[in-house]
Amino acid sequence: MVNKKALEASGYRDNDKDPIGGWFVRNSANKISALQQNAQTPVLIALNESDIQSVINGLQSYVQEQLRAGVTSVQYMGTGFTRKLAASVFPKVNSPQRIRIIAFQRSTSEGRQTQDWGLAEIHPSPLVTISGVKYVIDGNKGDGNALKKISSISTRSAEWSPQLPNRHNEESF
């Protein structure tokens, strides 16, 4: 589920077409009511940009958990960052681990937005490297994602999605 404020922060409009690798769930008035797969990325970026200190705190907690388990190197391939944001946030985590960030590019109906990440490898700090691009090429029967030309499902709906209380919608942003 997504609220109006999240849509505005992400730049989405109700008349937008589904992005490559994702889709919008629409209500009976044809308004976007939920985001699936790659359609979530711009909202996650906007959310991370809205509270950078919380992102840093969360990453620091994750690092400590991994260190207790003996993990010394991590690859991050998630969504929610642009190159600029990742280059700013990850060094502030001040992790003793080696961290490699692999771009997961956002997409629109026109294709992947490669300008968010660029191609050159960079080192925002001695233990942080940003390099490479993650592509989803597999997917599963119900996601309608990846490089498949024809969706495995005939209609996309939110029936299988978790139904969160409206309160969650209001508190997301």
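**Helix packing, sheets and ring pairs in a predicted model**

The buried residues of H2 pack against H1, strand S2 (32-37), helix H3 (52-68) and H4, where contact means heavy atoms within 4.5 Å. Helices here are DSSP runs of H or I with at least four residues, strands are runs of E with at least two, and both are numbered from the N terminus. Helix H2 itself spans residues 41-50, and its buried set is made up of Thr41, Pro42, Val43, Ile45, Ala46 and Asn48. Buried stands for under 20% relative accessible area, exposed for over 50%, and partly exposed for anything in between (1.4 Å probe, protein chains only). This is a predicted model, with local features needing pLDDT of at least 70 and side-chain atom pairs counting only at pLDDT 80 or more, while totals for chains, interfaces and linings use all residues. Residues are numbered from 1 along each chain as its sequence is written, and side-chain values use heavy atoms, with hydrogens and water left out.

On to the strands. S1 and S2 run antiparallel and pair over five bridges; pairing takes at least two DSSP bridges between two strands. Arg26 sits opposite Ile32 in S2. Five residues lie between the strands of this hairpin, and Asn30 takes a positive phi near 65°.

There is also an open sheet of four strands, ordered S3-S4-S8-S7, with mixed pairing. Strand S3 (73-76) and strand S7 (122-125) are its edges, each pairing on one side only. From one strand to the next, the twist averages 25°; axes are lines fitted to C-alpha atoms (for helices, over the stretch in contact), and angles run from 0 to 180 degrees between N-to-C directions. S7 pairs with strand S8 (residues 128-133) in the antiparallel sense over two bridges, and Ile122 stands opposite Ile130 in S8. Helix H4 (residues 83-93) packs on the sheet and touches S3, strand S4 (98-103), S7 and S8, its direction making about 35° with that of S7.

As for the rings, the count comes to four aromatic pairs. Rings of Phe, Tyr and Trp (its six-membered ring) pair if their centres lie within 6.5 Å; planes under 30 degrees apart are stacked, over 60 edge-to-face, and the rest tilted. Tyr12 and Phe24 have ring centres 4.8 Å apart and planes at 80°, so this pair is edge-to-face. It ties together distant parts of the chain, twelve residues apart: Tyr12 in the loop between helix H1 (4-10) and strand S1 (22-26), and Phe24 in strand S1. Both Tyr12 and Phe24 are buried. Phe81 and Phe90 make a tilted pair, at 5.3 Å centre to centre with 50° between the planes.
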